[in-house]
Amino acid sequence: MAFREINGKMVEATVAPGQRLFSQRGAMLAYKGEVSFTPNTAGGQGGIMSMIGRRVANEDTPLMTVEGSGTVLFGHGGHHIQVIRLSGDTLCVEADRLLAFEGTLQQGTMFLGSQGGVMGMVRGQVSGQGLFTTTLKGHGAVAVMAHGGVIEIPISPQRPVHVDPQAYVAHHGDVRNKLSTALGWRDMVGRGSGEAFQLELTGSGAVYVQASEEKL
């Protein structure tokens, strides 16, 4: 396991020879051992096409490739950090929430309209995400950032979960999402996003929700 949670705002990553991590630029707080940090120009494990896709999607958050032998402390802006472990499934998360992730994971970009059609695109605008989100797929761990703490809510076919779009952090598993209105259009004037819109997630997996509607 590459990441160990030190406290709610820092994680320690173990870097071993022959392995690599990717981190957001500016996320390194301290390190021990022989560790190198190199600007990543190949788009993570997704390669050059993944990088081009993220640039087109405005999801091109600069990454550093971390290699060598030692340990690294990661944190950024005093944000809460949540470690998510993937076992072959896909995590959907905004690029600017990625603190660090293992190089065993393949990075890509997903068009929100593919999950919910036109309302999927509307959801991106309401939540402030835009029309695209970043995907990480495979076996490994991811450290993501949020405001005010994070809770993991299981999603099952019999029990869909409804989330305020601005409190949404990430989700993984075989999950579909759609945006619905909680009020009539006439009643939505002056309402916050959670009062006017709800993100409904169905299927099998989990969604991560932050304790604040504030963007990073």
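Among contacts in the chain between residues at least 6 apart in sequence, what percentage join residues at least 24 apart? The value is 81%, where contact means heavy atoms within 4.5 Å. The model is predicted: local features need pLDDT of at least 70, side-chain atom pairs count only at pLDDT 80 or more, and totals for chains, interfaces and linings use all residues. Residues are numbered from 1 along each chain as its sequence is written, and side-chain values use heavy atoms, with hydrogens and water left out.

The chain has three helices and 13 strands. These are DSSP runs numbered from the N terminus (helices: H or I, at least four residues; strands: E, at least two). Of the 216 residues in the chain, 49% are buried. Buried denotes under 20% relative accessible area, exposed over 50%, and partly exposed in between, with a 1.4 Å probe and protein chains only.

Strand β5 (residues 63-74) pairs with β2, β3 and β4. Two strands pair if DSSP finds at least two bridges between them. Strand β2 (residues 10-15) runs antiparallel to β5 and is joined to β5 by five bridges. Here Val15 lies opposite Gly70. Strand β3 (residues 20-24) is also antiparallel to β5, again over five bridges. Gln24 has Leu63 as its bridge partner in β5. Strand β4 (residues 28-39) is antiparallel to β5 as well, with 11 bridges. Tyr31 is bridged to Val72 of β5.

Strand β13 (residues 197-210) is a further pairing partner. Six bridges link it to strand β10 (residues 150-155) in the antiparallel sense. Ile155 faces Gly205 in this pair. Strand β11 (residues 161-163) is likewise antiparallel to β13, over three bridges. His162 has Glu200 as its bridge partner in β13.

The largest nonpolar core holds 18 residues. A nonpolar core is a set of buried Ala, Val, Leu, Ile, Met, Phe, Trp, Tyr and Cys residues joined through side-chain atoms within 4.5 Å. Phe3, Val11, Leu21, Val66, Val72, Phe74 and Leu99 touch the most other members. At least two residues of this core come from each of β2, β5, β6 (80-93), β7 (98-102) and β9 (132-146). A second, separate core has 17 residues, among them Ile84, Leu91, Leu105 and Val169.

Neighbours within four places in sequence are left aside in the following contacts of Val11. Glu12 counts as buried because its relative accessibility is 17%. With the neighbours within four places again excluded, Glu12 contacts Ala2, Phe3, Arg4, Ile6, Thr71, Val72 and Leu73.

The largest pocket has a volume of about 170 Å³. On a 1 Å grid over the protein atoms alone, a pocket is an open set of points where a 1.4 Å probe fits, with protein on both sides within 12 Å along at least five of seven lines. Grid points are joined across faces, edges and corners, and the volume is the space filled by probe spheres set on the points. The lining comprises 11 residues, each with an atom within 4 Å of a point. Ala2, Gln19, Arg20, Leu21 and Glu102 are the closest to the pocket centre. β2 and β3 each supply at least two lining residues. Five of the lining residues are nonpolar, four polar and two charged. Ala, Val, Leu, Ile, Met, Phe, Trp, Tyr, Cys and Pro count as nonpolar, Asp, Glu, Lys and Arg as charged, and the others, Gly among them, as polar.
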